[in-house]
Amino acid sequence: MLLILCSSGTALCQQQLILLKKENVLLRLYPGDEIRYRLKGSKTVHTTYVNNLSDTAVVTQRDTLAFHRIDRIYFPQRK
């Protein structure tokens, strides 16, 4: 009698959005972090929290922001 045991484990990974300039990490955003951004064609700066991240968008409290719609992300600069 042949007994085969298959265990399926889920791979857990932490989602993050990393902003790079050349090879330097400028900002890391995780779900739950605050994000300040401006959309293309707008002068209004929005502040909200990141709920989830995907390959093409950031899901916030009230909206799903495609990366190509974001003009600028504001963050405190480290020296």
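Predicted model: local features only at pLDDT ≥ 70, side-chain atom pairs only at ≥ 80, totals over all residues.

Residues are numbered from 1 along each chain as its sequence is written, and side-chain values use heavy atoms, with hydrogens and water left out.

**Exercise 1.** Identify the residues that form the salt bridge (a side-chain nitrogen of Lys or Arg within 4 Å of a carboxyl oxygen of Asp or Glu).

*Solution.* Step 2: its partners are D71 and R38, at 2.6 Å from N to O. Step 3: D71 belongs to strand β7 (residues 70-74) and R38 to strand β3 (residues 34-39), so the bridge links parts 33 residues apart in sequence. Strands are DSSP runs (E, at least two residues), numbered from the N terminus.

**Exercise 2.** Describe how β1 and β2 are arranged.

*Solution.* Step 1: strand β1 (residues 17-21) pairs with strand β2 (residues 24-29) in the antiparallel sense, over five bridges; pairing requires at least two DSSP bridges. Step 2: I18 faces R28 in β2. Step 3: two residues separate the strands of this hairpin, and K22 in the turn has a positive phi of about 60 degrees.

**Exercise 3.** Determine which residues V58 contacts (heavy atoms within 4.5 Å), leaving aside neighbours within four places in sequence.

*Solution.* With those neighbours set aside, the contacts of V58 are L17, V50, N52, L53, D63, T64, L65 and F67.

Conventions
Helix = DSSP H or I, 4+ residues; strand = E, 2+ residues; numbered from the N terminus.
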